[in-house]
Amino acid sequence: NPRFAKIGRNSLECYFMFELKSIADLGLVGFPNAGKSTILNKISNATPRIGSWEFTTLRPTIGTIMRGPGAENFTVADIPGIIEGAHLDRGMGLEFLKHIERSKGWVFVVGLDEKDPLSTLKILINEVGGLEKVQTKNILVVCNKADIDVNNPESMQKFLKVQRFATEQGWDSIPISALNDENTDILVQKMAKCAQNIE
């Protein structure tokens, strides 16, 4: 046993806050109920929660897209839906955007069932930091729910407006119906290009 002791000195105290940032090749960005979780469910083995109410996704989900022999796999993160004013901490805020900050690309998902999908896309761009921030990423614009009013030419006009805007920015775009699994094969190809920046 010790027979003597010295008076100790005051120790240094530090406080640290660690923040988990999931890392995925691509991040899905869209309004609640745009179909992001359905898309991830169709193209990967991930099983995100899917529902017909807003904010079904409450935490990020990452899925791995397996492309078969000779092709590189990539990962996609589904984050909770963003609403107008999210940067002001409305809805669920932008708390979950950190999970896709380091992603090589962002996939904006808008629904063709909306009155003005192009306006929604512009709101999303503004909420995540504006065109200047978005231009630092590889971008793909996905117009989901192309099965809505399939015989209505208005749906095609909505997509063409979004496509023109995307083309002006140098982005690729595609109409799909995740629910009916339509165009999802082409979507995976375009997402792979966006994730890996391959020609």
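W106 is buried, with a relative accessible area of 0%. This is a predicted model. W106 is among the residues with the most contacts inside the largest nonpolar core, which has 27 residues. A second, separate core has 22 residues.

**The largest core**

- Besides W106, the residues with the most contacts inside this core are V29, F108, L121, V128, V134 and W171.
- Strand 4, helix 2 (117–127), strand 5 (138–144) and helix 4 (153–169) each give two or more residues to this core.
- Helix 2 gives the most, with five residues.
- In soluble globular proteins, nonpolar side chains tend to be buried together.
- V134 is in contact with W106, F108, I125, V128, I139 and W171, leaving aside its neighbours within four places in sequence.

**The second core**

- L40, V109, V142 and V188 are among the residues of the second, separate core.

**Aromatic pairs**

- The whole structure holds three aromatic pairs.
- In one of them, the ring centres of W106 and F108 lie 6.5 Å apart.
- Their planes stand at 90°, so this pair is edge-to-face.
- F108 is buried, and its relative accessible area is 0%.

**The loop residue S103**

- S103 sits in the loop between strand 3 (74–78) and strand 4 (105–111).
- S103 has 3% relative accessibility, so it counts as buried, because the cut-off is under 20%.
- The S103 side chain reaches the backbone oxygen of A24 at 3.0 Å.
- Not counting residues up to four places away in sequence, S103 touches A24, D25, L26, G27 and K137.

Note on methods
Residues are numbered from 1 along each chain as its sequence is written. This is a predicted model: local features need pLDDT of at least 70, side-chain atom pairs count only at pLDDT 80 or more; totals for chains, interfaces and linings use all residues. Side-chain values use heavy atoms; hydrogens and water are left out. Helices (H or I, at least four residues) and strands (E, at least two) are DSSP runs, numbered from the N terminus. Buried means under 20% relative accessible area, exposed over 50%, partly exposed in between (1.4 Å probe, protein chains only). A polar contact is a pair of N or O atoms within 3.5 Å; within protein, one must be able to donate a hydrogen and the other to accept it, and residues adjacent in sequence count only if both atoms are side-chain atoms. Contact means heavy atoms within 4.5 Å. A nonpolar core is a set of buried Ala, Val, Leu, Ile, Met, Phe, Trp, Tyr and Cys residues joined through side-chain atoms within 4.5 Å. Rings of Phe, Tyr and Trp (its six-membered ring) pair if their centres lie within 6.5 Å; planes under 30 degrees apart count as stacked, over 60 as edge-to-face and the rest as tilted.
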